[in-house]
Each structure stands twice: as C-alpha cells, then as structure tokens.
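Me: I would like to go through the strands and helices of this model with you. Could we begin with the sheets and then turn to the helix contacts?

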Amino acid sequence: MNQAQLLLIDDDRHVLESMGSWLREIGYNVDQAANLNQAYALLDSRSYDLVLADVRLGDEDGFDVLRRCRMSHPGTTVIMVTGYATVETGIEALRAGAFDLLTKPLIDEELEMAIERALSQRKVMQENQQLKQQLDLRFGLENIIGHDHRMLRIFDMVDSVADTRATVLITGESGTGKSLLARAIHRRSNRRDQPFIEVACGALPENLLESELFGHVAGSFTGATGNKAGKFKAADRGTIFLDEIGTAPLSMQVKLLRVLQELQFEPVGGTETETVDTRVVLATNEDLAQLVDRGDFRQDLYYRVNVINLELPPLRERISDIPRLADHFLAEVCQDTGRRVHGFSTEAVAALQRYRWPGNVRELQNVIERAVLLSKNDEITPDDLPTSIASGAPVSVSHRTGTTLKEALEGPERQIIREVLESNGWNRNETADQLGINRTTLYKKMKRLGLEELAGQRGLV
C-alpha cells in the first residue's frame, strides 16, 4: 500500500515540506505543489493514486483541483484539507467527489488512517472494475466463437438490437449456446450494469412458475407465508431471460403477453399493479409456430415475442467453427486444471469435424474436457476421443428395393459437399478446389442435390 504515488498541494511551504517529509518516511512516493499551475503540470505529467489538496491556496480555490481530477483523472482519489472546516464545507467537498475532508492541524495517525482508507477503497473499486471486465469478456460476444457466415450475421444483429427494448427470441437446438447469447445481448446493452435474471421455465411446476415470475402476496396459496417479489421485479431496469418458453402454460402466457405490451402485472393473489422497465429475451428449442398450430402456444404471444429472432445453427452445420471452438475449450480446461496439452492432431480435428454433434457446442465442450483429462500426451489424438467420435459416423445407405448405387450415394455426397461449402462460407471456388473438382462440376452437383436452392434461400447466390 505504501508504494502509492501521492501529490500534496498546499500554499504553506512549511506545512508542505513537513507533511511531504513525514509521508516519505513511512514509505509513500510524494510530489509537492504550492499552487494550481504546479499541481496541474504534475497531474498532466504522471499518474497519482491520491491527491491531498488544501481548500485555500492563497487566492486560488482547492476545489478546482478536485474538479480537475474528477474530469481528467477519474482514477485519482482526492482528500481535501482545510483549517476552516464547517459542516457546509464538508458537505460541499463530499458532493463534489472528495473522499474525505480533514481539518488542520493534522494529527499524524489521523492522516495516515485517512490515506490508508482512501487507498483501500480505490483498490476495491479497481478490483470491481477488473471483475466487471472479466465478466463482460466471459459473457460478451468475445466468448461466442464463430466465423461461420450465419454466426457473423447473428453477431451483427446483436449489435444492432442490444440497446433497444425490442423483445428477442433465440431459437436453436439444445446445446447451441442460447443462454450465452442472451447474456451477451445484456452485456452489450446499456442495461449491462443492471440485473440479468435467468428463469428456466421448463424446470418449474406450472403452479409455481407464475409465482416465480410475478411474485405473490401472503396467503395467496398454501405455503405463501409472506410477500415475495418475482423475477420480473428483480430484473427491473435490467434483462430477464426466459429459457424454454415453449413449455409455459397457457394460463401464464396471458399474463406474460400483458407484461410485454404494458410492462405491468399483479402478483399472484394481489390487486396492486406493479410496473417494471424490463427487457425480455426468450429462448426455445421447439418450433413455436407448430405449438401455435396445436393450440399449445398463444398466437398473439407468438407474434409479440417473435419481433427479433436469432436462430443459432446446430454445430454440424458450421463445421469450420469446430477447430476454433475446440481450441477455445482446450485452453479453458488447461487453465482450470493445470494440464499442458498444446493442441490437436490432424486426425483428431478431422474426427471432430466428421461427427454430427447431436448435443452441439455443449457436447463438444464436454468431449474436449474429457480428452484433456485422459490424455497422456501434449497433443489430443483420436485415441483420446470417445469411440463414437474417433471412428467417424457410419454412412447410412437406404435398403429400399430398386435403389441404384447412384441414388444411394446422393445422400452422403450431398452431406460432404454441404459441409465443405459451410466450412468455406459457401465460397464455391474454394470448395471446388478443396473437393478436387472444377467449378462447373460443383455447380451441376449443387443444382442436382438441391444445394443451389439452399444457397438461394440464405441469400448466398
């Protein structure tokens, strides 16, 4: 703590020299200034942890130093010193941003304690800022690995809508990273310093979900012994993430629709209307349109939540991202466990890219963790992977009577061409080169196998 850099500002040369000398004796690095010009020159030339400034500097005002630090050096803590302390002066100093106001004559122990408290608070604030930056990195888009063209499009959409109040619906198979994307939306929004509340709708019984979201009053049902604020209230001015929204009962959907439209609701058993400013992000691995057709999801709610739809593609459709994701998870596991595994063999990468990944990114993360823990070498090989992945997925051939060899091979051929197109961002020239065929042959195959139409649907023609 005593290695902190201090700046003393006082027009009384005797006080300035004696205080500076004593602070140096107890281990602080100290610079001195007798007026505002000297103080400003020092502040602009180096960084200070703490400034001790006299309120009266001859004809000059010590509060100008405080204002200068607040504006140009916000990381510097300021303690004001005065020989004419009043309650009004103390209030003015604290309102202006000073850490403390000390009264002359200064007692050594009092001054040392005030400096230590100020530096301790500064250290805590710096640690909190570092923690926040780590959280932003962990939950921001930086932690969502993806160079596939569809992932890049999702990143662009997140940046476009993050600061709006628009409801966002994230769809995709289990394990594709919907929760991570929801957190990224929150972290990149102007609500980042407010709460992010996550609710797994499918994990709660129907009779408890409404209370969990909207709260309840005492006596509203058996076991409700007191009032309870719901998740929407807890997320006021922040973001609420409703995962597995397709499982929400119809009775609760009515209330949810009102919240999205009016930002108002009543707790279970209550009559008092609550108003919140909450941004809503929802996610589902189900087809909500099909649920609407079956009568399991309200049509008006579907149209209300489907304002911005971010569809996360399954991992098998973006195999070019698999090496990057694998390297990312490898680094994480090695950092957590202290293992020294430096990468993957070419055969291991190929095996990872052949596998279909029904569990998507979550399954890949678990597989990499297992491989790192079991590996005896500094490189992951197919021997470190589960047999189902290392051996490669078998080609499925139809056994229907009358199926020709050409017809039977169309499925695997289409799969191989599509995967290589995906890995190259649907660049036909690179795909043709990688497959060892000319562009004309590739175009013909894409047309015959329906891949040209698929490219057109995605705006890639």
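Me: How many bridges join β1 to strand β2, and in which sense do they run?
Reply: 5 bridges join β1 to β2 (residues 29-33), and the two run parallel. L6 stands opposite V30 in β2. Strands here are DSSP runs of E with at least two residues, helices are runs of H or I with at least four, and both are numbered from the N terminus. Two strands pair if DSSP finds at least two bridges between them.

Me: What kind of model is this, and what is counted?
Reply: It is a predicted model, in which local features need pLDDT of at least 70 and side-chain atom pairs count only at pLDDT 80 or more, while totals for chains, interfaces and linings use all residues. Residues are numbered from 1 along each chain as its sequence is written, and side-chain values use heavy atoms, with hydrogens and water left out.

Me: Back to β1: is it buried or exposed?
Reply: Strand β1 (residues 5-9) is largely enclosed by the rest of the structure, because 5 of its 5 residues are buried; buried means under 20% relative accessible area, exposed over 50% and partly exposed in between, with a 1.4 Å probe and protein chains only. Q5, L7 and I9 cover one side and L6 and L8 the other, and all are buried.

Me: Which sheet holds these strands, and in what order?
Reply: An open sheet of 5 strands, with parallel pairing, has the order β2-β1-β3-β6-β7. β2 and β7 (100-103) stand at the edges with a single partner strand each, so one side of each has no neighbour in the sheet. From one strand to the next the twist averages 20°. Within this sheet, β3 (residues 50-54) and β6 (residues 77-82) pair in the parallel sense over 5 bridges, and L52 stands opposite I79 in β6.

Me: Which strands do α2 and α3 lie across?
Reply: Helix α2 (residues 36-45) lies across β1, β2 and β3, at about 140° to β2. Helix α3 (residues 63-72) lies across β1, β3 and β6, at about 175° to β6. Axes are lines fitted to C-alpha atoms, for helices over the stretch in contact, and angles run from 0 to 180 degrees between N-to-C directions. Contact means heavy atoms within 4.5 Å.

Me: What is the order of the sheet that contains β8?
Reply: Its order is β9-β10-β13-β8-β14, an open sheet of 5 strands with parallel pairing. The edge strands, β9 (196-200) and β14 (308-311), each pair on one side only. 4 bridges join β8 (residues 168-171) to β13 (residues 279-284), with I170 opposite A283 in β13. Helix α7 (residues 178-187) lies across β8, β9, β10 (239-243), β13 and β14, running at about 155° to β8.

Me: Now the helix pairs. At what angle do α8 and α10 cross?
Reply: The axes of α8 (residues 206-214) and α10 (residues 250-262) cross at roughly 15° and come within 10 Å. That makes α8 roughly parallel to α10; angles under 35 degrees count as roughly parallel, over 145 as roughly antiparallel, 65 to 115 as roughly perpendicular and the rest as oblique. Residues making the contact include L209 and L213 of α8 and L256 and V259 of α10.

Me: And α18 with α19, at what angle do they cross?
Reply: The axes of α18 (residues 428-435) and α19 (residues 439-448) cross at roughly 100° and come within 9 Å. α18 is therefore roughly perpendicular to α19. The contact is made by R428, N429, T431, A432 and L435 of α18 and R439, L442, Y443 and M446 of α19.
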